[in-house]
Amino acid sequence: MRPISELKDRALMSLSGKWTVFVAFTLLVSVASSLGSMAAPFVFNPEDLSSSAGLLPMPNYFGFMGVSLLTFLLFMPLAWGYQISTLQTSRTGLEPEISTLVSGYKDYWRITGTYLLLFVYVSLWSLLLVIPGIIKTFSYAMTGYVLRDNPGLSFNGAIERSMSLMKGHKMELFVMYLSFIGWFILAILTCGIGFLWLYPYVQMSITKFYESLLEDERAAANPAVGTTSW
């Protein structure tokens, strides 16, 4: 595995000259993912949402869950497309294409179904304790990339492939996330505007982490796991 500092430097190099596109993509995905929260006042009684007890009446609880699920089903492929856009740029050196951002909708059930299963797994592990849930989240972190590079894999197959890649590397990814704490605080101080630049930086760094995992795998065993070209 390449040093975290090197991966982050490579991420900045890949983003050079392409910030405008990635900031626009980040804004688009952020607005789309926020639609559930924006719809809440139309679904619930505002007095219920601001209840001092912090509990929703049962009908509103199911309504909230329904809105959350609908938002997930509608926009999970878009979030996946954003992740894959960083992979496209990392490998080609070109600006990401809008067709890549929305490509998840062309393979909707494979993408969304895999992430639904992943969510179930993380939730079940989290029922044990918070720590197991966090550990499994890192194990599953490469699932999106696996789905792109292995069109024949889905559901458990893609998740298990991610677990295989992340074996022995979960702490390194955790350290990478920790390395962005200073930038996270700075983004908060800009009233959140800085996240439009921070998120592409973080996502591209994770992409470089994934590519480093593939390099290590090829160097160690030269497995017959192909990566399709753009």
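In this predicted model, V122, W125 and S126 of helix α7 meet V130, P132, G133, K136 and T137 of helix α8. By class, that contact has 4 nonpolar, 3 polar and 1 charged residues. Helix α7 covers residues 108-128 and helix α8 covers residues 130-139. Their axes lie 5 Å apart, and the packing angle is about 150°. Angles over 145 degrees count as roughly antiparallel. The helices α7 and α8 are therefore roughly antiparallel to each other.

Now step back to the whole chain. The secondary structure comes to 13 helices and 0 strands. Along the sequence, the pattern reads α-α-α-α-α-α-α-α-α-α-α-α-α. The chain has 230 residues, and buried residues make up 40% of them. Take the contacts in the chain with a separation of 6 or more: residues 24 or more positions apart account for 74% of these.

A second helix pair has another geometry. Two packed helices are described by the angle between their axes and the distance between the axes. The axes of α10 and α13 come within 10 Å and cross at roughly 75°. Angles of 65 to 115 degrees count as roughly perpendicular. That is why α10 and α13 are described as roughly perpendicular to each other. Which residues meet in α10 and α13? From α10 come R161, L165 and M166. From α13 come F209, Y210, L213, L214 and E217. The residues of this contact divide into 6 nonpolar, no polar and 2 charged.

Y210 leads on to the aromatic rings. The count comes to 10 aromatic pairs. One of the pairs joins Y145 and Y210. Their ring centres are 4.7 Å apart and their planes are at 15°, so the pair is stacked. The pair links distant parts of the chain: Y145 sits in helix α9, Y210 sits in helix α13, and 65 residues separate them. Are these two residues buried or exposed? Both Y145 and Y210 are buried.

Y108 and W109 form another pair. Their ring centres are 4.9 Å apart. The ring planes stand at 85°, so this pair is edge-to-face. W109 is exposed, with a relative accessible area of 67%.

F22, Y82 and Y199 form one aromatic cluster. K8 lies over the face of F180, at 4.3 Å from the ring centre.

Most residues other than glycine have a negative phi. F155 has a positive phi of about 50°, although it is not a glycine. Where is F155? F155 is in the loop between α9 (143-149) and α10 (156-166). F155 is partly exposed, with a relative accessible area of 39%.

C191 also belongs in this part of the tour. Its phi is near 60°, a positive value in a residue other than glycine. C191 lies in the loop between α12 (181-189) and α13 (195-221). Is C191 buried or exposed? C191 is exposed, because its relative accessible area is 74% and exposed means over 50%.

Terms used:
Residues are numbered from 1 along each chain as its sequence is written. This is a predicted model: local features need pLDDT of at least 70, side-chain atom pairs count only at pLDDT 80 or more; totals for chains, interfaces and linings use all residues. Side-chain values use heavy atoms; hydrogens and water are left out. Helices (H or I, at least four residues) and strands (E, at least two) are DSSP runs, numbered from the N terminus. Buried means under 20% relative accessible area, exposed over 50%, partly exposed in between (1.4 Å probe, protein chains only). Rings of Phe, Tyr and Trp (its six-membered ring) pair if their centres lie within 6.5 Å; planes under 30 degrees apart count as stacked, over 60 as edge-to-face and the rest as tilted. A charge sits over a ring if NZ of Lys or CZ of Arg is within 6 Å of the ring centre and within 35 degrees of the ring normal. Axes are lines fitted to C-alpha atoms, for helices over the stretch in contact, and angles run from 0 to 180 degrees between N-to-C directions. Angles under 35 degrees count as roughly parallel, over 145 as roughly antiparallel, 65 to 115 as roughly perpendicular and the rest as oblique. Contact means heavy atoms within 4.5 Å. Ala, Val, Leu, Ile, Met, Phe, Trp, Tyr, Cys and Pro count as nonpolar, Asp, Glu, Lys and Arg as charged, and the others, Gly among them, as polar.
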